[in-house]
Amino acid sequence: VPIELALSPLPVGERMRYTLIIHDLTERHKVNRMKDEFISTVNHELRTPLTSIKGALGLVVGGVLDAHPDKKASALALSYDNCQRLEVLINDLLDIGKIQYAEAQLQLQPLLLDALVDKALAMNQGYADKFEVRLRAVAAPEGAAVLGDENRLLQVLSNLLSNACKYSPTQGEVVVSVEPRQGQWRISVADSGPGIPVEFQAQVFERFTQADSSDTRRLGGTGLGLAITRALVERHGGRISFDSLPGEGAVFHVDLPGARPQDGDAVVKAAGT
Ligand code: ADP
């Protein structure tokens with residue numbers, strides 16, 4: 001066990017009393033190691049697209065591709081794609097930093113879940129169309145409401161909906177439902193995709209993890225989406241979990257505390273708007 005010793009003298013009458021303080025540094029070492037790992041992953045994730053951009057633009061700038069307009073065009077297109085990837089990565093990284101270091105203040109207000117789910121579905125309709133997936137909401141129990149930050153909860157639902165679309169078969173259906181569970185509201189997003197591979201289940205919410213690393217290029221993810229989603233749900237005092245049977249799809253659950261009776265007036269007001 002790594003320890004740190006400190007001796008603290010205290011005069012007691014004519015004598016000195018010494019107190020020996022022993023700090024267990026295990027936790028501090030663990031946090032430092034996690035930070036190191038995070039920095040080296042970020043370094044790698046940012047460097048990969050940057051190296052590719054630099055290589056492709058180097059050929060263009062050096063005139064190497066002047067005699068091959070089609071190759072030149074594809075080098076530029078590749079650079080553009082990688083710029084977009086860098087943009088997504090940087091946004092995700094800034095976001096995760098803000099959420100974890102509590103800089104992101106939540107703008108809490110009572111939110112009716114029916115309206116929230118409808119908004120999330122509308123926001124993701126274009127994405128669903130792209131994957132030829134149908135989005136459906138099951139009506140929430142009347143008056144079901146939580147105290148939350150609307151934009152952040154929409155971000156949570158959008159992350160889950162976009163994953164559900166990405167991993168659904170074409171013509172598949174993604175269903176969002178709300179039901180009471182252990183005194184809280186459970187919002188579930190169910191798809192009919194391949195589910196989460198058993199060996200990957202323990203890492204789903206970890207940063208930069210993907211069951212299949214080829215997904216990054218094919219589907220444009222960063223492996224940060226669910227880490228951000230979990231951090232946001234936890235900032236709301238909630239919990240995120242999933243059920244998955246291989247081949248039968250994945251269901252992600254977000255459990256959130258309901259708006260309390262003293263938020264009641266505001267809930268009614270929100271309902272009327
Ligand atoms: P990404 O940005 O790659 O989507 P996420 O953190 O959102 O990153 O997801 C991490 C990984 O979890 C995905 O790459 C995928 O392997 C798996 N995953 C997430 N949602 C689903 C789902 N609905 N069905 C199957 N696998 C999923």
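**Note on salt bridges and backbone angles**

1. Glu27 has a relative accessibility of 48%, so this residue counts as partly exposed. The model discussed here is predicted, and the values below are to be read with that in mind.

2. How many salt bridges does a search of the whole structure find? The search finds 8.

3. Lys72 and Asp66 form a salt bridge through their side chains, with an N to O distance of 3.3 Å. Lys72 is partly exposed, its relative accessibility being 27%.

4. Arg134 pairs with Glu173 in a salt bridge whose closest N and O atoms lie 2.5 Å apart. Which parts of the chain does this pair link? Arg134 is in strand 4 and Glu173 is in strand 6, so the link runs between distant parts of the chain, 39 residues apart. Arg134 has a relative accessible area of 49%, which makes this residue partly exposed. Glu173 is partly exposed as well, at 26% relative accessibility. Through salt bridges that share partners, Arg134 and Glu173 are joined with Arg136 into one network.

5. The backbone deserves a separate remark. Most residues other than glycine have a negative phi. Glu132 has a positive phi, near 55°, although this residue is not glycine. Where does Glu132 lie? Its place is the loop between helix 3 (113-130) and strand 4 (134-137). With 44% relative accessibility, Glu132 counts as partly exposed.

6. Gln182 is another residue other than glycine with a positive phi, in this case near 45°. Gln182 sits in the loop that runs between strand 6 (173-181) and strand 7 (184-190). Is Gln182 buried or exposed? Its relative accessible area is 70%, and because exposed means over 50%, Gln182 is exposed.

7. For a reader checking the model, the places to look at include the loop residues Glu132 and Gln182, and the network of Arg134, Arg136 and Glu173.

Technical notes:
Residues are numbered from 1 along each chain as its sequence is written. This is a predicted model: local features need pLDDT of at least 70, side-chain atom pairs count only at pLDDT 80 or more; totals for chains, interfaces and linings use all residues. Side-chain values use heavy atoms; hydrogens and water are left out. Helices (H or I, at least four residues) and strands (E, at least two) are DSSP runs, numbered from the N terminus. Buried means under 20% relative accessible area, exposed over 50%, partly exposed in between (1.4 Å probe, protein chains only). A salt bridge is a side-chain nitrogen of Lys or Arg within 4 Å of a carboxyl oxygen of Asp or Glu.
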